[in-house]
Amino acid sequence: MRILLTNDDGIHGPGLAVLQKIAAELSDDVWTVAPETDQSGLAHSLTLSEPLRLRQMGEKQFALRGTPTDCVIMAVREVLPDAPDLILSGINSGANMADDVTYSGTIAAAIEGTLQGVKSIALSQTGRYDNGRYFPWEVAERHALPLIRKLLPLELPEGTFFNLNFPCCTPEEVQGVRVTTQGKLESGLSVEKRTDGRGLPYYWLTFRERLSAFDHDSDLNAIGENHVSVTPLKLDLTDHAVRDRIAEALA
């Protein structure tokens, strides 16, 4: 099995190093094509106005000056000798759940892999931010491998991929695995205004404290109760129920 690894935290991201260990247990044909710099929050974006620069970092390891989506396209179309059998994206520094999946470069790489016809899995490790950034990578390192082995034989509908999130706790405190739905968060980004040394304003996008609408089956609830969350996501954004209503109204 040929495996492609990528992420949005960059080629030196700590989660990518964990993912490389996990992938090595699945195959001896593992390739990495990851962004040269942090590309978090760029979603499913392409680099179209400047060239893509590719740099080899080691055997079967490449850094690309581009987005996670660029990395998957370059890997499949240019770098690998043949298409991969599996794409693993992550392990992201922080959860990718609920509405945040629309911003995530980690999710975007799995989207692009799915568009390319490759089974794809996005992986994210939940962390804490109350006293600096803390991510218990040992949770994903212990629990991801057996979970991936169970998911690999499953036949997915065309256009569907897996989104895995691991809770912020110790490996022993993980309560199990839940198959979840995409949750819903209330509120989100805010704009923080600051002033530079010359008195000129500049701005940061920041996440405020965010509340979730309670849903027992959601990814948010699973992570909150120290479960690993497995959410099947699909590319088709069509609201089929509303489509039928529109068709009736226009008939």
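## Helix pair α2 and α3

A crossing of two helices is called right-handed if the near helix is turned clockwise from the far one by less than a right angle, and left-handed if the turn is anticlockwise. In this predicted model, α2 passes α3 in a right-handed crossing. The residues in contact are Pro-68, Thr-69, Val-72 and Ile-73 on the α2 side, and Gly-105, Ala-108, Ala-109, Glu-112 and Gly-113 on the α3 side. By class, this contact has five nonpolar residues, three polar ones and one charged one.

## Helix pair α1 and α4

Helix α4, residues 137-151, packs against α1 at an angle of about 35°, and the two axes are 10 Å apart. This crossing, too, is right-handed. From α1 the contact takes Pro-14, Gly-15, Val-18, Lys-21, Ile-22, Glu-25 and Leu-26. From α4 it takes Trp-137, Ala-140, Glu-141, Ala-144, Leu-145, Ile-148 and Arg-149. Nine residues of the contact between α1 and α4 are nonpolar, one is polar and four are charged.

## The sheet

Nine strands form an open sheet with mixed pairing, in the order β3-β4-β2-β1-β5-β6-β7-β13-β8. The edges are held by β3 (54-58) and β8 (177-179); each has a single partner strand, so one side of each has no neighbour in the sheet. On average, neighbouring strands are turned by 20° against each other, direction ignored.

Strands β1 (residues 2-6) and β2 (residues 29-35) run parallel and are joined by four bridges. Leu-4 has Trp-31 of β2 as its bridge partner. Strands β3 and β4 run antiparallel, also with four bridges, and Leu-64 of β4 is the bridge partner of Leu-54. The hairpin of β3 and β4 has two residues between the strands, and in it Lys-60 takes a positive phi near 60°.

## Helices on the sheet

Which strands does helix α1 touch? Helix α1 (residues 14-26) packs on the sheet against β1, β2, β4 (61-64), β5 (86-93) and β6 (119-125), and its direction makes about 145° with that of β5. Helix α3 also packs on the sheet, where it touches β1, β5, β6, β7 (160-166) and β13 (228-234). The direction of α3 makes about 175° with that of β6.

Strand β5 includes Ile-91, and the peptide bond from Gly-90 to Ile-91 is cis, with omega near -10°. Ser-93 is also in β5. The relative accessible area of Ser-93 is 15%, and buried means under 20%, so Ser-93 is buried. Not counting residues up to four places away in sequence, Ser-93 touches Asp-9, Pro-14, Gln-125, Tyr-129, Arg-133, Phe-135 and Trp-137.

Ala-98 lies in the loop between β5 and α3. Ala-98 has a positive phi of about 50° although it is not a glycine. With a relative accessible area of 0%, Ala-98 is buried.

Val-177 touches Leu-147, His-227, Val-228 and Val-230, leaving aside residues up to four places away in sequence.

Glu-172 is placed in the loop between β7 and β8. Its relative accessible area is 56%, and exposed means over 50%, so Glu-172 is exposed. The C-alpha atoms of Glu-172 and Val-139 are separated by 8.4 Å, while the two residues are 33 residues apart along the chain.

Asn-226 is in the loop between α5 (219-224) and β13. Like Ala-98, it is not a glycine but has a positive phi; for Asn-226 the value is about 60°. Asn-226 is partly exposed, at 22% relative accessibility.

Conventions:
Residues numbered from 1 in each chain as written. Predicted model: local features only at pLDDT ≥ 70, side-chain atom pairs only at ≥ 80, totals over all residues. Heavy atoms only, no water. Contact = heavy atoms within 4.5 Å. Nonpolar A, V, L, I, M, F, W, Y, C, P; charged D, E, K, R; others polar. Pairing = 2+ DSSP bridges. Axes fitted to C-alpha atoms, helices over the stretch in contact; angles between N-to-C directions. Buried < 20%, exposed > 50% of the residue type's maximum accessible area, 1.4 Å probe, protein only.
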